[in-house]
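Me: Could you take me through the salt bridges in this one? I'd like a close look at who pairs with whom, and where the partners sit.

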Amino acid sequence: MLSHPVTELRPPLLKTKISIPRLPGEFIHRPRLTDRINQGVKCPLTLLTAPAGFGKTNLLVEWTRETDLPVAWLSIDSDDNNPSRFIRYAIGALQTVAPGFGEEALALDLLQSPQGDGWKIGLTLLINELSALPKELVLVYDDFHTLEDSVILERLDFFIKNSPPNLHLIIASRSEPELDLAFLRAKGRVLQLDIDDLRFTGEEVVQYFQQALARELPPETIQALQERTDGWITSLQMAAISLKDQADPTTLLANLEGKSHYLSDFLAEEVLDHQPGEIRQFLLKSSILETLSGPLCEAVIKPDAQPGYGAVMLSRLEHANLFITALDEKHEWFRYHPLFADFLRQVQAEVNRAEIPELHKRAAIWLEGNGNLDEAFQHAIASRDMEWAADIIEHNVQMMMSLGEISALARWIGKLPEEITHKRPLLSIGYAWALIATHRLDLAHYWLDDVRHSLEELEKQTVEAPTLDANLSGIRGGLALCQSYLAMLSGDIVQAAKFSRQATKYLPKENVYLHSLISLDESISSVLSGDTQKTIESLRVTTRIARQANNPLVMIIATCEIAIVQWIQGQLSKAWETLQKAQYVAIGPDGKPHPMAGFIDIVLGEILFERNELEEARDYLERGCQAIQSIWYLGSLGGMTSLARLRQALGDISGAQAIVDEISRMALRSDASQWDNALASGLAVRLAVQRDDLATAEQWWKKGGFPDLNTPIALEDYPYHIFEYVLLAQARFLLVQGQETGKARDLKQALELLESLVPEAERFQRGASQIQILVLQAMAQYALGNGRATKTLLHALALGEPEGFRRFYLDEGRRLTDLLRQCRAAQEESGSHLPSLAFIDSLLESLQPPGVEQEVDQELMGGRAAPTTAHLEDGLPISISAREMEVLALIAEGKSNQEISAELYLALNTVKRHAYNIYTKLEVKKRTHAVSRARQLGLIP
């Protein structure tokens, strides 16, 4: 409700805009929905959101006929984006149920201020005047989606948030209103009906056709109609119109099966036949497109048209309601209703089949030029000119890799006939690399063998044509690069290094893109060595080369690997900062995240998990694993391992085991590396031991193909991180078995294994490994009655506390509790700063079974103080959690959400959620207001 200058002589209002529309003759009563609206008007706001043709307006009109409440109605159109016009019509609508309403505010010109707070005074007068009315009333805004003016929307926000309790607002819109409704939603003061609610049910379809055709249709016909139209009311109306002239429509509809028939025959034939020739041709030719924009339609349908032709035609279709839906707020991109699109494609295939390949080629060229490679390849393949399609795909192999669309690249090359790919060694190499990255190694081997045969044939030709030799360098280099990755994945580091040197030799130095892949290959080999400092140096070189090559794929992988190594070094804070940098790299020029952003989510989730932020960690890990499972096998495998640990920590034992089983199945594939089974078995042993299931642990140990439990495994059989992981699982198994049976031999064997890891952990600066080793050493010493156990565990605690490590201690469960209590007593007596008593107490609290009386002071529980309570002006109490108090204090210091995220080591979304909770509890909308209110209530100084 708002505006610009109001003159003494006001233009007349169009009465039809502020009158409730009439219902059509053929209308189905929908009591299930009118009942919902009756519930909605008990709230301040009811929303109806669905695309055109879903019956929003008719439903509201039906409801107005049933309700006893006075209803003011405003049908909004694009002309109402003038603030002055909108306020006049809004007040005019209310005057139909409250005569004279708003005249004082209009006369005083209090709503005309375009800037400043004058409009707030005017709106306040209107709100007060509404509040003084002795009755409840309803205001309906229909076609709200046509409102785009930011001034109107801002002032409507103010009006809605401060509306009196006797006013109920109903908004009907094709899209979600651009209003700040979070506050009302948080308080449960909004009822929303959307497309799923508004679709016709089977019962309503039956009722509609009984009324429209005056006959009953068989159940199978009704089912076919409901499935094909998806409950879209307009489609059903068109079906009814088309069927009125059919002698036996039930028989025809009941047999709508197979590719030769489309339900759209009956929904759209008459519509298409009655269109002007230009519109008809535009519809048919554009039907090959999944999504449509003005420039794309110009390129496909009429390449020689004046700029703007496509946008004008789409606008005509939209205004004619020709089954087209806008996909964005600017109405630049559209799609046809699926049924209508099916029908158009069928007609196009019948009347203009010969031109379809050319239309697909035009679409492919435009989409390629505008960076939409996935759709470009789709149209290239659809053109049926496979050599031409291969040209387009081969030309964009490097770009697809850079964009992280590796799975898509493999899919599209796989759609080409093999005989075409065989003739293109460089395309075959691109295919093989994509297959390697998605871990389809058997197929990658097949294509690399094919490249080798092609290379041999080409090398024979160089005898007669020496100039060909220069052209073979790229093939030799690409082949060597792929072979290096395969050797690395198989565990043959020496062979991997040999092939990497060959790739460097053959590939031209000026091709920094390919050299970034070589550098990544070398860096990953370094990761497998276990030397963290050497690995970080190598990865930083890789990121520099990738930056020069503008290769975000390699930049993201290398940066995430740096963060992982920093995590291994025990530097969680530094790893978090590194990942925040990676997040900037992962945002493409179009603002969309790179597909490899999922790798960043995985590593962020692993850090959050180690800090025991379990819910946030689960969100990141599940999202990340889902995103990159078909893109980067190594990252996905690590994420699944962490997710299994997390699920067990949350008590989801079956969920954790399901992941272990999945990793184990992957390890049995012929293209799995020789380490995958060891990792799966080591993980399963670790989880089983931590839940005291030694029988299952023993089964998995044997399944992993390891030697006898009391025999150390050999380092030369594994990369260092796998070796260390399995050895820690073995030591943990022996430790718990020794604790259960009282066999000192097992405990001593565990200590020997752990001691063997110490030199490399120190030499390679593996801080996280040192913490795990020390925790297990302390537990073994304690079980053996060794007095050094307390000192050993205190050392482990002191290493972990500064960076927020928690799971390394908590994963050991109740077996660590007594020793932790001894550490607390020793630390309290010593007066040392690290580890702090609060940190030890927080671990004891987390390890305490539910319902058991706490033995430590609640105020010392690791900073987990009781919630802070305050009372608002109305006397109602509010409770601010300890974490929210931390966030509130940093907000008061003027820190941004990003800065708070870094300081508290929380996910950015978690910080936003805490901030939102704080604002809701304090009943404010802005940071400054939150700080001011918190100070008034004494929450912060």
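Reply: Here's a walk through the salt bridges, pair by pair. Keep in mind that this is a predicted model. Counting nitrogen–oxygen contacts within 4 Å, the total comes to 38 salt bridges.

Let's start with Glu204 and Arg30, whose closest N and O atoms are 3.1 Å apart. This pair ties together distant parts of the chain: Glu204 belongs to helix H9 (residues 202-213), while Arg30 lies in the segment before helix H1 (31-40), and 174 residues separate the two. Glu204 and Arg30 are both buried.

Next up is Asp811 with Arg645, where the closest N and O atoms are 2.6 Å apart. Again distant parts of the chain are linked, with Asp811 in the loop between helix H42 (807-810) and helix H43 (817-830) and Arg645 in helix H34 (residues 633-649), 166 residues apart. Both Asp811 and Arg645 are buried.

The loop between H42 and H43 also holds Arg815, which forms a salt bridge with Glu740, the closest N and O atoms being 2.6 Å apart. Glu740 sits in helix H38 (residues 720-741), 75 residues from Arg815.

Definitions and conventions. Residues are numbered from 1 along each chain as its sequence is written. This is a predicted model: local features need pLDDT of at least 70, side-chain atom pairs count only at pLDDT 80 or more; totals for chains, interfaces and linings use all residues. Side-chain values use heavy atoms; hydrogens and water are left out. A salt bridge is a side-chain nitrogen of Lys or Arg within 4 Å of a carboxyl oxygen of Asp or Glu. Helices (H or I, at least four residues) and strands (E, at least two) are DSSP runs, numbered from the N terminus. Buried means under 20% relative accessible area, exposed over 50%, partly exposed in between (1.4 Å probe, protein chains only).
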